[in-house]
Amino acid sequence: MDTKMNTRFQKLFFQRRDAEAAEKRRVSFSSLRASAVFAPLRFIGCALLISATAHAKLNVVVTTPDLAAIAKEVGGELVDITTLARPTEDPHFIDPRPSFIVKLNKADVLIEGGAELEIGWLPKLIEGTRNPKIQSGQPGRILANEGIAMKEVPTALDRAKGDLHAAGNPHFMMDPANARLVAQHLADAFGKLDAKSAGIFSANLKKFTDALDVKSAEWKKTLAPFKGREVVAYHNSWLYFAERFGLKIELFLEPKPGIPPSPAHLAEVIGKMKEMNARVVIVDPYLNRKIAETVARGTGAAVVDVAQFPGGVKGTEGGYIALMDYLVNTLAKALGEKK
Ligand SMILES: [Zn+2]
């Protein structure tokens, strides 16, 4: 691993350490308060809890918040979902917390993106679990990219050069048509694991896909006036989105996925942006916004905050449809203003 990537890991580590310290403080305060006030009720609470879980919910662990949002739509009240990555974290570089092993040991189902999105952190965790249900090839192990037409699958392995997309571009969830396929896949898989509830999973699926279909037509209409417009991205997470909506997102601040931008590469990007009149730079919450701002300053472009995960930017907490609503409307606004 090169030093630049190490620095990125360190940065992620310190941010997370601070966040975790804050979380611990919150937890210890609330447990003190709980033991003082609710101790007499604890016994009754336990009894209620046992009766509520008589029809056991599927215990679902999901690697990323986008897949978790779809699992929630399909699973509804019949699944308990734990998401490993936070919406503001880089899915390629999750720093495994000890709690992950505990969660994976209890899981009935593990949903991962596949296409090596999580290759840097998930395989080691699975090795560390003793849970047979989520091992490779088991019904409880779900690869979301199964049945998805993967794009940019390289003919020669390029991982040695640091390319994070060595098995094709893993950010397929940015196309709502792929989110639809994933929802169907999850409804099938949940139905096999909990056959008694298969009808409920199908009904949940229909409700979600009906809403998604209506929205997809609306999103297409909103972005139609901007067909062919160039948008610059920091990382190549936007290929599927661009192709679905007729935008061109082909120029990146990273020279390769996962390789930090060099001054020489950025100078080249600025030159190309001027040539192609690219007026919008999009940046995910875990990437270096300052670099995007510098590039934008050099070209008169606008920096637009985007996220691949619900909750990654404000206003997208409601789920996958809320996220796509935000992305489509924010981009349409920026492209309309920056002609
Ligand atoms: Zn990527």
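1. Two residues are taken to be in contact if their C-beta atoms, placed from the backbone, lie within 7 Å. In that sense helix α11 lies across strands β7 and β8, and runs at about 175° to β8. The model under discussion is a predicted one, and the remarks below should be read with that in mind.

2. Overall content. The chain has eleven helices and eight strands. It counts 339 residues, of which 40% are buried. Among contacts between residues at least 6 apart in sequence, 63% join residues at least 24 apart.

3. The sheet with β1 to β4. Four strands form an open sheet in the order β2-β1-β3-β4, with parallel pairing. Its edge strands are β2 (79–83) and β4 (141–143), each of which pairs on one side only. From one strand to the next the twist averages 20°. Helix α3 (residues 65–75) packs on this sheet and touches β1 (58–62), β2 and β3; the direction of α3 makes about 175° with that of β2.

4. Strand β1. Four of the five residues of β1 are buried, so this strand is largely enclosed by the rest of the structure. β1 pairs with β2 in the parallel sense over five bridges, and Val 60 has Ile 81 of β2 as its bridge partner.

5. Strand β3. Ile 111 also has a counterpart in β4, where it stands opposite Ile 142. Three bridges join β3 (residues 109–112) to β4, and the two strands run parallel.

6. The sheet with β5 to β8. A further open sheet of four strands has the order β6-β5-β7-β8, also with parallel pairing. β6 (248–252) and β8 stand at the edges with a single partner strand each, so one side of each is left without a neighbour in the sheet. Neighbouring strands of this sheet are turned by 35° against each other on average, direction ignored.

7. Strand β7. In a regular strand the side chains alternate between the two faces of the sheet. In β7 (residues 280–283), Val 280 and Ile 282 point one way and Val 281 and Val 283 the other, and all are buried. β7 pairs in the parallel sense with β5 (residues 230–233) over two bridges, and Ala 233 stands opposite Ile 282. Four bridges join β7 to β8 (residues 302–305), which run parallel. Ile 282 has Val 304 as its bridge partner in β8. The chain gets from β7 to β8 through helix α10 (residues 289–299), and this β-α-β crossover is right-handed.

8. Glu 230. This residue lies in strand β5. Is the acidic residue Glu 230 buried or exposed? A residue is buried if 20 or more other C-beta atoms lie within 10 Å of its own; with 21 such neighbours inside 10 Å, Glu 230 counts as buried. Leaving aside residues up to four places away in sequence, Glu 230 touches Lys 248, Leu 251, Met 276, Asn 277 and Ala 278. Glu 230 and Lys 248 are 18 residues apart along the chain, and their C-alpha atoms are separated by 4.7 Å.

9. Helix α11. This helix (residues 320–337) has 18 residues and reaches 26 Å from its first C-alpha to its last, close to the 26 Å expected at 1.5 Å a residue. Its buried residues are Tyr 320, Ile 321, Leu 323, Met 324, Tyr 326, Leu 327, Val 328, Leu 331 and Leu 335. What covers them includes α3, α6 (176–193), α7 (198–223), β7 and β8.

10. Packing of α7 on α11. How do the two helices sit relative to each other, and what is the angle at which they cross? The axes of α7 and α11 come within 10 Å and cross at roughly 10°. That makes α7 roughly parallel to α11. On the α7 side the contact is made by Ala 211, Leu 212, Lys 215, Trp 219, Thr 222 and Leu 223; on the α11 side by Ile 321, Met 324, Val 328, Asn 329, Leu 331 and Ala 332.

Technical notes
Residues numbered from 1 in each chain as written. Predicted model: local features only at pLDDT ≥ 70, side-chain atom pairs only at ≥ 80, totals over all residues. Pairing = 2+ DSSP bridges. Axes fitted to C-alpha atoms, helices over the stretch in contact; angles between N-to-C directions. Buried ≥ 20, exposed ≤ 12 C-beta atoms within 10 Å, placed from the backbone. Right-handed = clockwise from strand over helix to strand, strands pointing away. Expected span 1.5 Å × (residues − 1). Parallel < 35°, antiparallel > 145°, perpendicular 65-115°, else oblique.
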